Amino acid sequence: EYNPGINVQCLDIKYKRLLKSSEKITKAGLSNAKIALCDVIDLLPVLPDHSVFGMFIFFPDPWIKSRHEKFRFLNEDFFTMASSRLSAGGFIWLKTDQKRYFDEIIATARQYHFSVGDELPGIIARREYRTKFEETFTGKKIPFYQVILHSMPRMKLATKTLRH
């Protein structure tokens, strides 16, 4: 079993991709992986604070045309919710083939207290996670970009109690 002790929730908005993933999970005998036909934006609000260790977001729809950019989900609302749902040391692993979108995501993530890096936590780093999109881009020599966004704890302002 990959990453024993870690529960994995797979989300996608495309039924056919979920069906293929379900078949792979069943074939591999993975008991710690579950699948849901769901948009992450619908799931994040119902998750408890600090309940997610990591998010893998591989090749999200970039909505390339400027009139469609409003449909991108990696925006301020996403990072606001993600920052409170990630546990201490939590991360988001992002891959995309769209350089401009990649740069915009990093800029937004930094505004919401994420640091930019390239290292995964040890238990996750022991396995390669390649998607069909990545294989296609690699085969066609199309570059793609990836980053690990680490949640950073927000500093609480100390309050001093005055005694009279």
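Author: One definition to begin. Buried means under 20% relative accessible area, exposed means over 50%, and partly exposed lies in between (1.4 Å probe, protein chains only). This is a predicted model: local features need pLDDT of at least 70, side-chain atom pairs count only at pLDDT 80 or more, and totals for chains, interfaces and linings use all residues. Residues are numbered from 1 along each chain as its sequence is written, and side-chain values use heavy atoms, with hydrogens and water left out.

Reader: Is Asn 32 buried or exposed?

Author: Asn 32 sits in the loop between α1 (15-28) and β2 (33-37). Helices (H or I, at least four residues) and strands (E, at least two) are DSSP runs, numbered from the N terminus. The relative accessible area of Asn 32 is 7%, so the residue counts as buried.

Reader: What separates the C-alpha atoms of Asn 32 and Gly 5?

Author: Along the chain, Asn 32 and Gly 5 are 27 residues apart. Their C-alpha atoms are separated by 7.7 Å.

Reader: How many disulfides does the rule count?

Author: A disulfide is a covalent bond between the sulfur atoms of two cysteines. The rule asks for a pair of cysteine sulfur atoms within 2.5 Å. Cys 10 is partly exposed at 24% relative accessible area, and Cys 38 is partly exposed at 22%. The disulfide count is zero.

Reader: In what order do the elements run?

Author: The protein has six helices and six strands. From the N terminus on, the order is β-α-β-α-β-α-β-α-β-α-α-β.
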